[in-house]
Amino acid sequence: VLTVVYTISQYKKIRVDNLTKLYNRYAMDEEIKEQLSQYAREKSDSFYIISCDLDNFKHINDTWGHLEGDRALVLISVALTKACEKFDAEVFRIGGDEFVIITDTSEEGLAALVTEEVKKEIDNIEFRDDFEIRISLGTALYNGEADVSSLLESADKKMYEAKKISKNI
């Protein structure tokens, strides 16, 4: 029998994105399992998943380089964290310029409040005078029936619909 022991430092490295200091995809999967377990116990404590993707982020890397892209990701991470703290929600960087927010409850209107706060905080970022950072968001509510992959897919689909609309504006 192989026993694996992690120190707190090692466990944190497994769960935290090194650049942004946000939780990563592994930590997101753990949070979703915990939320599902809590729902199974209480049969009433659902949650929102909010899928987030930056608009035209590739332009930053292509125009000003990856160091500037990394700086933008750090600024965005701070803004997302600040927005989520107000609602007891967790934010995760799941890759590149993609993030997921998971709320702890499903109070009516909560997803709209979180997305409004995220947009406000993103608008407050002082990045460059010649580039405005924008974000597209999509939400899905866990209702006790959908599986997690369907829930993530639903939030992603809504986020891409929002992204398509923002490109036409």
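From the N terminus on, the elements of this predicted protein model run α-α-β-α-α-β-β-α-β-α, which amounts to six helices and four strands; helices (H or I, at least four residues) and strands (E, at least two) are DSSP runs, numbered from the N terminus. The radius of gyration, taken over C-alpha atoms, is 17 Å, close to the 15 Å of the globule rule for 169 residues, so the protein is as compact as a globular protein of that length. That rule is 2.2 Å times the number of residues to the power 0.38.

Residues are numbered from 1 along each chain as its sequence is written. In this predicted model, local features need pLDDT of at least 70 and side-chain atom pairs count only at pLDDT 80 or more, while totals for chains, interfaces and linings use all residues; side-chain values use heavy atoms, without hydrogens and water.

Helix α4 covers residues 66-85.

The largest nonpolar core has 29 residues, with Ile76, Phe99, Ile101, Val118 and Ile133 making the most contacts inside it. Such a core is a set of buried Ala, Val, Leu, Ile, Met, Phe, Trp, Tyr and Cys residues joined through side-chain atoms within 4.5 Å. Helix α4 gives the most to this core, with seven residues. Beyond its neighbours within four places in sequence, Ile101 has contacts (heavy atoms within 4.5 Å) that include Leu80, Cys84 and Val118. A second, separate core of 14 residues includes Phe47, Phe92, Ile94 and Ala140.

Conventions
Expected span 1.5 Å × (residues − 1). Buried < 20%, exposed > 50% of the residue type's maximum accessible area, 1.4 Å probe, protein only.
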